[in-house]
Amino acid sequence: TAALFALVGIVMIVSCITKAVRCKREVVGTVVSVRTHYAKRSPAVSYIPTYEYVYDGITYTATPPMSKQRKPNIGDTEVFKINEENPEQASFSSKADLFMGFGMIALSIFVMVVI
């Protein structure tokens, strides 16, 4: 179990760093749709927006991998980064993603020490 937490943490950190290296161009995306996500064993609801953005005269769409607790409105905007060589690749990574990756590694160390 501890190894799985560590592996997930490492993958999250590497993914975040890789996207940060590739995705350097800031764009402004506009929310064009919002999907509601219901937790399986909880009354919690989160929202997954799809953004539309224009780069080099071409319109693209992107959906972040993580849902939001606050429901965005159609037309809301958000700044995120894209890969100029492959503009369909968007990065919504934040410091929270890195923190979560390091948290998973710390949890794995804690589990190994306790067990």
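## Aromatic pairs and contacts

Student: Which residues do ring pairs link into a cluster?

Tutor: Ring pairs link Y51, Y53, Y60, F80 and F92 into a cluster. Rings of Phe, Tyr and Trp (its six-membered ring) pair if their centres lie within 6.5 Å; planes under 30 degrees apart count as stacked, over 60 as edge-to-face and the rest as tilted.

Student: What should I know about the model and the numbering?

Tutor: This is a predicted model, where local features need pLDDT of at least 70, side-chain atom pairs count only at pLDDT 80 or more, and totals for chains, interfaces and linings use all residues. Residues are numbered from 1 along each chain as its sequence is written, and side-chain values use heavy atoms, with hydrogens and water left out.

Student: Thanks! How many aromatic pairs does the structure hold?

Tutor: The structure holds five aromatic pairs. One of them joins Y53 and Y60, which are stacked at 5.6 Å centre to centre with 25° between the planes.

Student: Are Y53 and Y60 buried or exposed?

Tutor: Both Y53 and Y60 are buried, where buried means under 20% relative accessible area, exposed over 50% and partly exposed in between (1.4 Å probe, protein chains only).

Student: Why is the pair of Y53 and F80 edge-to-face?

Tutor: Because the planes of the Y53 and F80 rings are at 85°, with the ring centres 5.4 Å apart. The pair links distant parts of the chain, 27 residues apart: Y53 is in strand β2 (residues 45-55) and F80 in strand β4 (residues 77-83). Strands (E, at least two residues) and helices (H or I, at least four) are DSSP runs, numbered from the N terminus.

Student: And why does Y53 count as buried?

Tutor: Y53 counts as buried because its relative accessibility is 1%. F80 is buried too, with a relative accessible area of 3%.

Student: What is F80 in contact with, leaving aside neighbours within four places in sequence?

Tutor: F80 is in contact with R25, E26, V27, G29, Y51, Y53, A90, S91 and F92. Contact means heavy atoms within 4.5 Å.

Student: Switching topic, where is I74 found?

Tutor: I74 is in the loop between β3 (58-62) and β4. I74 is exposed, with a relative accessible area of 57%.

Student: How far apart are I74 and V32?

Tutor: They are 42 residues apart in sequence and 5.4 Å apart in space, C-alpha to C-alpha. Leaving aside its neighbours within four places in sequence, I74 is in contact with V31, V32, S33 and V34.
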